[in-house]
Amino acid sequence: MTDFLRYLFIGLGNGAIYAMVGLGLVVIYRSTGLLNFAQGEMAMFSTFLCWQLIDLGLGIWFALLGAMIGSFLMGSIVHRVIVAPLGDPHEKPLAVVIVTIGLFLGINALAQLIWGSDFRSIPALFGEGSVSIAGAAVQWQKIGAVGVLAVEALAFWLIFQKTRVGLSMRAVASNAESAALCGIPVARVLMLGWGMAASIGAIAGVFWAPNVGSLDPNLMQLTLIFGFAAITLGGFDSLVGAVVGGLLVGVTTEVIPKYVSFLEKITLAPAFILILVVLLLRPEGLFGTKQVTRV
Amino acid sequence: MSLLEVEGLVAGYGMVSVLDGLSLSVDEGEAIVVLGANGAGKTTTLRAISGMIPSRGSIRFDGREVSGRRPDQLLVAGMAHVPQGRGTITALTVEENLRIGASSRRDGDVEADLESWYQTFPRLGERRDQLAGSMSGGEQQMLAIARALVSRPKLVLLDEPSLGLAPLVTSEVFSRVAELVSQTGTAVLLVEQNAELALDFASRGYVLEAGRIVAEGTAGELHANDAIRRAYLGIDP
């Protein structure tokens with residue numbers, strides 16, 4: 001039982017990070033209607049920014065804040081300079097998706113170029129300590145990840161549902177042409193969405209880096225896959241879906257292989273079986289919106 | 001002075017030119033119709049005027065040259081556009097659609113305005129929390145028009161509001177719109193295939209053929225014109 005709890009909390013802690021990556025993907029999907037394959041690499045770049053700020057002498061929380069601001073600018077600029085000139089993503093979604101894959105490679109190469117492959121590490125935001133919950137030792141870092149995820153999800157929900165900016169973002173996601181006819185400056189709204197997604201990526205990366213130990217340009221590649229898995233499970237356009245999906249993926253990949261011996265070496269399998277089953281029963285994902293159209 | 005003055009408008013899609021030097025004008029508070037068959041360039045005319053597609057020629061709105069401006073900038077300047085196929089934002093609720101329509105307004109009366117719209121269109125009030133995409137065609141058309149008018153424009157471009165609606169619903173839509181614009185003094189530039197209804201609604205009109213204006217006159221003159229009666233009203237003189 002103690003072992004189970006320990007695995008469960010590790011799974012939740014990792015899942016919280018997948019959920020953060022998923023939230024970034026959902027934010028871009030909801031404002032632009034496309035999947036950003038560069039989300040993970042943008043987060044990796046942000047994590048290096050954070051490391052750089054720590055290296056310059058900032059405390060980790062301030063460094064994270066600085067990295068989030070820097071990432072917001074990076075995300076906005078990437079959209080303005082690289083994604084927006086391609087035109088309406090709804091007209092040629094493939095072109096835009098391929099460009100985000102190109103960005104994936106480009107940002108990765110840029111990070112190698114700037115920071116090289118020296119050994120670097122980032123300290124855990126919540127330290128190395130742990131607390132005993134029902135006999136199982138749980139790292140504060142894992143609890144912190146779940147807590148921060150909750151705050152992020154709430155913040156995004158408030159922005160999308162309760163503010164004018166959020167309403168504009170939802171309008172642009174649903175029908176950019178109509179939103180423009182209603183006076184919404186579409187390009188600016190999209191820039192904002194990309195900025196927000198990049199900021200949240202910074203948090204995900206800074207949480208993930210101590211997990212892996214060292215900080216290198218391939219930091220976020222696996223988490224991006226898990227992030228995609230999370231939103232496929234939860235529904236591409238649902239913030240709640242990203243959170244629940246991320247946590248579920250984290251827990252299933254951590255807990256199930258510990259008890260089913262043939263899955264020991266293929267820890268991803270249970271998560272993907274779960275996704276398959278959910279998609280068979282609910283193609284839009286657990287919390288995704290079914291498209292309602294009436295003519 | 002005209003509110004909208006279009007001169008020598010040339011526009012199209014890619015290499016295909018649809019409008020070939022079109023000119024028209026709309027005075028303040030005036031209801032104008034552009035009649036034309038399928039493919040004459042009616043929708044393209046409106047899309048070019050509101051900046052949805054690039055165009056050449058001159059578009060003067062409210063005393064300023066506005067050609068090359070984006071649709072959102074034109075809306076802020078007072079030109080609203082209800083596109084063909086209504087353009088309601090289906091993933092938002094009815095109320096959110098209206099709020100988006102009012103998003104360019106900086107005055108504090110939006111709340112009171114929404115209430116008065118719900119009184120004008122009780123159906124919208126009943127369904128304020130429902131997704132716009134789940135409403136009937138006529139209701140969505142009304143919502144699209146209300147959403148355009150809630151921005152308090154000087155001019156509304158209306159693209160074939162009759163499209164896909166039952167005849168009874170269409171005449172209901174037209175009479176409501178006529179009431180609304182006469183109350184608010186909003187000018188309307190309507191493009192329509194349903195000439196009978198449109199000429200009742202408008203005071204003046206143009207006839208568009210292959211991207212050019214081939215006739216213009218008051219609604220009465222156009223209604224009496226034999227060629228127009230044959231081509232657009234289905235009446236044998």
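Reply: The largest nonpolar core in this predicted model has 168 residues. Those with the most contacts inside it are Ala19(A), Met20(A), Cys50(A), Val172(A), Ala179(A) and Leu190(B). Helix H8 of chain A, residues 186-212, gives the most to this core. Its share is 17 residues.

Now take Ala19(A). Leave aside its neighbours within four places in sequence. Ala19(A) is then in contact with Leu149(A), Ala230(A), Ala242(A), Val243(A), Gly246(A) and Leu247(A).

Next, a pair of helices in chain A. Helix H9 covers residues 221-234, and helix H11 covers residues 268-281. They pack at an angle of about 30 degrees, with their axes 9 Å apart. H9(A) is therefore roughly parallel to H11(A), because the angle is under 35 degrees. Their crossing is left-handed. From H9(A) come Ala229(A), Thr232(A) and Leu233(A). They meet Ala271(A), Leu274(A), Ile275(A) and Val278(A) in H11(A). By class, this contact has six nonpolar residues, one polar and no charged.

Last, the meeting of the two chains. Here 20 residues of chain A are in contact with 25 residues of chain B. On the chain A side, the elements that give two or more residues are helix H6 (164-174) and helix H7 (176-181). H6(A) gives the largest share, six residues. By class, the side of chain A that touches chain B has ten nonpolar, six polar and four charged residues.

Note on methods:
Residues numbered from 1 in each chain as written. Chains lettered and ligands numbered in written order. Predicted model: local features only at pLDDT ≥ 70, side-chain atom pairs only at ≥ 80, totals over all residues. Contact = placed C-beta atoms within 7 Å. Helix = DSSP H or I, 4+ residues; strand = E, 2+ residues; numbered from the N terminus. Nonpolar A, V, L, I, M, F, W, Y, C, P; charged D, E, K, R; others polar. Core = buried A, V, L, I, M, F, W, Y, C linked by C-beta atoms within 7 Å. Buried ≥ 20, exposed ≤ 12 C-beta atoms within 10 Å, placed from the backbone. Axes fitted to C-alpha atoms, helices over the stretch in contact; angles between N-to-C directions. Parallel < 35°, antiparallel > 145°, perpendicular 65-115°, else oblique. Left-handed = near helix turned anticlockwise from the far one by under 90°.
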